[in-house]
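Please open the model in a viewer and keep the selection tool at hand.

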Amino acid sequence: MKLDRKDLIALGLLLVLLLVPKFTGELPIGNKEPADLVIAVYESKNQPVDEASAMAGVTVQAIAKAGKWRQYDKDQIPADKKPVLDPVVAKIGVPCLSVIHKNAVTSSAKFPDSDAGLSEFVRRNGGF
Amino acid sequence: MVAFTLTPENVDRWCGPAGVATFDFAGHRRILNASSFPMGSKGIQAAKPLADSLEIIPEEQWSDLISMKDRDKSWLQDRIDDLACKDQDGLGYCHGYGPVTCLEVMRKVAGLPYVELSAESVAGRVTGWRNEGGDPEEDLDVLVQYGACEAAYMDRANSISPSRWEDGWEQNALNYRAAETFMQLSGDLWLIAGTCALRNIVTSPWFDWWGHCISGSYRLKNENGKIYRLDRNNWGMEWGDKGYCWMAKGRGRGQGTPSGLVAVRVATPFEQAS
């Protein structure tokens, strides 16, 4: 079978879609819609000052004021959120951060270690 | 920034914006003298010792961390700036108001919708619904096992007559429990309460000199080399600065080294289906 130029471009895009998430742990194309929820899952027994501070920083305060912030201990994830959050915790570990659109995780990552990192991650994934 | 610092002189005043005493609190002190705390709890002991569960941050490191958290606006107080101060209004249930405030704060931190909780539903179980002091450790145990119901279930504010409350309050309370708690009765409690502030863990300290239990560890500040901790009373928004006060190290009258404290780090994440 002979591949033409369009086929090669399509194949290249497919490879990018498949491979990039393996490197970054994030979906390559951010959601353009504002998030419905931004959820942190953390390990309460291991809560260093940096992490605790990022979880209380101005970005989280702004998301919380919009009613879109949730923060759960990994052993206290509500039953209705476990199906979407458990796979993230299994893959990334804790602490982690997930952006939720329409009851699905559209992006997730290791919890950023600074307020600026957290702000950038949320912005890239549609904001709130 | 909170402008009210607790001193031996202003401890029992209810201060309006101008710091003028507007209420005599003798009745409260009569109920809550230090001997009314039956230390040596016979409680359920669900809580773990804080000092065993927490990496203590030495006081020498506090100044740098205070600067960092000031810069990042990442103190507990920054997260709960719109949370109203609870008001026990002369009821002898400070031992319940402190821990229940902790639960409200940690729910707020978790992003859960604000629900005013009844401290009476916790402290009443501890005292057998009598208006008297108690051991905050036992209130914490109640908070873990039975929870605090929504204040809306009570027939009126500060009611201790559950027979008049709306049916179902006990079932409702099971939705609002503390999932991970700590207590500390010995050791360097100034150091521990300050570490909690730096790690954003709300505490409920009590003070023998005051015979009183409040909530605390909302913030630290360094003023000319002297460290102060920001705590919050349960005497409504008119006391101190919207209920808040700065406390310095020491065990004397008006000073902030706790005689004991309990803490809540995780709240059960209940929210009403919308």
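Begin with strands 3 and 4 of chain B, which pair in the antiparallel sense over two bridges; strand 4 covers residues 212–213. Strands here are DSSP runs (E, at least two residues) and helices are DSSP runs (H or I, at least four), numbered from the N terminus, and two strands pair if DSSP finds at least two bridges between them. This is a predicted model, in which local features need pLDDT of at least 70 and side-chain atom pairs count only at pLDDT 80 or more, while totals for chains, interfaces and linings use all residues. Residues are numbered from 1 along each chain as its sequence is written, with chains lettered from A and ligands numbered from 1 in the order in which they are written.

Select B:Phe207 next; its bridge partner in strand 4 of chain B is B:His212. In the hairpin of these strands, which has four residues between them, B:Gly211 takes a positive phi near 60°.

Now select strand 8 of chain B (residues 260–267), which pairs with strand 3 of chain B in the antiparallel sense over five bridges. There, B:Val262 is the bridge partner of B:Ser204.

Display the side chains of strand 3 of chain B. B:Val202, B:Ser204 and B:Trp206 point one way, and B:Thr203, B:Pro205 and B:Phe207 the other. Six of the six residues of this strand (202–207) are buried, so the strand is largely enclosed by the rest of the structure. A residue is buried if 20 or more other C-beta atoms, placed from the backbone, lie within 10 Å of its own.

How values were computed:
Buried ≥ 20, exposed ≤ 12 C-beta atoms within 10 Å, placed from the backbone.
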